[in-house]
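Subject: Structure handover

Hello,

Here is the structure to be handed over. Notes on what was found in it follow below.

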Amino acid sequence: MSKEKALIEIRLAGLSQGTHEFDFTCNATDFADPALAETGFSRDVSINVSVEKLDDEMVVTLNTSATANLTCDLCLAPISSELKGSYRIYYGYEQAGEPQEERDEEYRLIDRNTLALDLTEDVRETLLLSVPMKVTCKDNPDCRVFHQEELSEPGEDNLPDSDWQESLEKLKNKYR
């Protein structure tokens with residue numbers, strides 16, 4: 001475990017049973033991760049953490065919200081988009097003599113004497129997973145791909161001239 005202070009940390013010492021809500025706000029540059037900067041995160045990140053503490057386990061739910069500066073995959077126009085992500089982690093307490101078995105990433109074992117949970121890496125991953133695979137700017141009036149019909153003259157006929165133009169038109173309509 002690293003000695004430096006965690007960016008997103010939940011103190012478990014003295015945390016009673018039940019559901020507890022925590023809110024954090026930090027800047028994307030605080031994570032010191034070039035992948036976040038490359039993806040377009042540069043502003044504030046809002047994190048809501050819900051911890052449900054039970055007798056023998058805890059359920060931690062992370063909800064992130066951040067604005068990312070992206071680029072339209074079709075017309076390369078700059079887009080500023082609010083991205084939301086969610087991730088749930090289950091923490092179980094280690095039992096003496098319990099055999100070590102392979103578990104899912106979402107299920108982790110911790111010692112009963114653990115003082116705090118460092119959720120910084122989980123928040124970073126949630127932010128990266130919130131980025132859509134395909135970015136399009138349907139609402140951008142500058143996008144020539146989606147607003148090509150509006151740019152033509154009202155009396156002009158928009159029929160494709162050839163088979164390949166017709167295929168492109170079908171492909172364009174598919175991604176709307």
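The bridge partner of N48 is N63 in β4. The strands concerned, β3 and β4, pair in the antiparallel sense over 10 bridges, where pairing requires that DSSP finds at least two bridges between two strands. A hairpin of three residues joins β3 to β4. On to the next strand: β4 and β5 pair in the antiparallel sense over 15 bridges, and V60 stands opposite I89 in β5. The hairpin of β4 and β5 has six residues between the strands, and in that hairpin L76 takes a positive phi near 65°. Of the 15 residues of β4, 11 are buried; buried means under 20% relative accessible area, exposed over 50%, and partly exposed in between, with a 1.4 Å probe and protein chains only.

Before the rest, the conventions. This is a predicted model, in which local features need pLDDT of at least 70 and side-chain atom pairs count only at pLDDT 80 or more, while totals for chains, interfaces and linings use all residues. Residues are numbered from 1 along each chain as its sequence is written, and side-chain values use heavy atoms, with hydrogens and water left out.

Overall make-up

The protein has four helices and seven strands. Helices (H or I, at least four residues) and strands (E, at least two) are DSSP runs, numbered from the N terminus. The order from the N terminus is β-β-α-β-β-β-β-β-α-α-α. The protein has 176 residues, and 35% of them count as buried. Its accessible surface is about 11800 Å², with 48% belonging to carbon and sulfur atoms; areas come from the Shrake-Rupley method with a 1.4 Å probe, and for residues only the protein chains shown count as cover. Among contacts with a separation of 6 or more, 59% are between residues 24 or more positions apart, a contact being heavy atoms within 4.5 Å.

Core

The largest nonpolar core has 36 residues, and F41, V49 and L119 have the most contacts inside it. Such a core is a set of buried Ala, Val, Leu, Ile, Met, Phe, Trp, Tyr and Cys residues joined through side-chain atoms within 4.5 Å. The elements that give two or more residues to this core are β2 (18-27), β3 (41-53), β4 (57-71), β5 (78-93) and α2 (120-129). Leaving aside neighbours within four places in sequence, F41 is in contact with A28, L36, A66, T67, A68, L83, L127, S130 and V131. In soluble globular proteins, nonpolar side chains tend to be buried together.

Salt bridges

There are four salt bridges, each defined as a side-chain nitrogen of Lys or Arg within 4 Å of a carboxyl oxygen of Asp or Glu.

- D33 and R124 meet at 2.7 Å, N to O. D33 is in the loop between β2 and α1 (34-39) and R124 is in helix α2, so the pair ties together parts 91 residues apart in sequence. Both D33 and R124 are buried.
- R108 bridges to D122, with the closest N and O atoms 2.8 Å apart. This pair links distant parts of the chain, R108 being in strand β6 and D122 in helix α2, 14 residues apart. R108 counts as partly exposed at 23% relative accessibility, whereas D122 is buried at 5%.
- K84 bridges to E82, with the closest N and O atoms 3.9 Å apart. K84 is exposed at 59% relative accessibility, and E82 is partly exposed at 45%.

Loops and surface

A32 is in the loop between β2 and α1. A32 has a positive phi of about 50° although it is not a glycine, and at 69% relative accessibility A32 counts as exposed.

Q95 lies in the loop between β5 and β6 (107-110) and is partly exposed at 41% relative accessibility. Q95 and D56 are 39 residues apart in sequence, with their C-alpha atoms 9.8 Å apart.

W164, L168 and L171 make a nonpolar surface patch of about 340 Å². Patches are made of residues with over 30% relative accessible area and no salt bridge, where like charges are joined within 9 Å and nonpolar side chains (Val, Leu, Ile, Met, Phe, Trp, Tyr) within 5 Å. W164 lies in helix α4 (residues 163-174) and is exposed, with a relative accessible area of 56%.

Regards
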